[in-house]
Amino acid sequence: MNREEKAQLLSELNELFNNSEVVVVSHYKGLTVAEVSELRNNIRKAGAGFKVTKNRITRLALKGTKFEGLIDLFKGPTAIAFASDPISACKACVEFAKTNEKLLIVGGAMGTGVISIDEIKKLASIPSMDELRAKIIGLLQAPAAQLARVTKAYSEKEAA
């Protein structure tokens, strides 16, 4: 990788960190190419992004961003999951780590603070925005649907 490519990667990573709300750092040692592709697809389906990083360049890109506290986590074979939605990246990484012990979540950051592995797991257990919207719609529709059923049952009873 020449200087221009490194400079371009540095600016891409810096922009990525500035546009993300959450970053999950993980080690992927021992994962096959097929497993990394599966992980990447799962994360993409969740609405997040996944990138295998070069540690030195990533540490440079983190300087001056809200995720600067993550610099110490970039040792060994690291990858990042990132998203503007604080739950999607956490959920996708934790779900994959449950089925494949080779993916090791080492930490992350949300907003301006570093979050622990336990906090990432707690975030992963929160329903996604789509699930919450569906629950709200169901709750709003339930009284009207119940009223319609009662009215229909009453009118059928009167007709009989």
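**Reading contacts and cores**

Reply: Leaving aside its neighbours within four places in sequence, Glu35 is in contact with Gly30, Phe96, Asn100 and Lys102. Please keep in mind that this is a predicted model. Glu35 itself belongs to helix 2, which spans residues 33–45.

Me: Is Glu35 buried or exposed?

Reply: The cut-off for buried is under 20% relative accessible area, and Glu35, with a relative accessible area of 19%, therefore counts as buried. A polar atom of the Glu35 side chain lies 2.8 Å from the backbone nitrogen of Thr32.

Me: Where is Thr65 found, and what does Thr65 touch?

Reply: Thr65 is found in the loop between helix 3 (55–62) and strand 3, and its relative accessibility of 9% means that Thr65 is buried. Not counting residues up to four places away in sequence, Thr65 touches Asn14, Phe17 and Asn18.

Me: How many residues does the largest nonpolar core have?

Reply: In soluble globular proteins, nonpolar side chains tend to be buried together. Here the largest nonpolar core has 23 residues, and those with the most contacts inside it include Val24, Ile43, Ala89 and Ile120. At least two residues of this core are supplied by each of strand 1 (22–27), helix 2, strand 3 (78–83), helix 4 (88–99) and helix 5 (117–125), with the largest share, six residues, coming from helix 4.

Me: Which residues are in contact with Ala89, leaving aside its neighbours within four places in sequence?

Reply: They are Val22, Val24, Ala48, Ala81, Phe82 and Ala83. A second, separate core has 16 residues, among them Ile57, Phe67, Ile80 and Ala109.

Key. Residues numbered from 1 in each chain as written. Predicted model: local features only at pLDDT ≥ 70, side-chain atom pairs only at ≥ 80, totals over all residues. Heavy atoms only, no water. Helix = DSSP H or I, 4+ residues; strand = E, 2+ residues; numbered from the N terminus. Buried < 20%, exposed > 50% of the residue type's maximum accessible area, 1.4 Å probe, protein only. Polar contact = N/O pair within 3.5 Å; in protein donor to acceptor, adjacent residues only side chain to side chain. Contact = heavy atoms within 4.5 Å. Core = buried A, V, L, I, M, F, W, Y, C linked by side-chain atoms within 4.5 Å.
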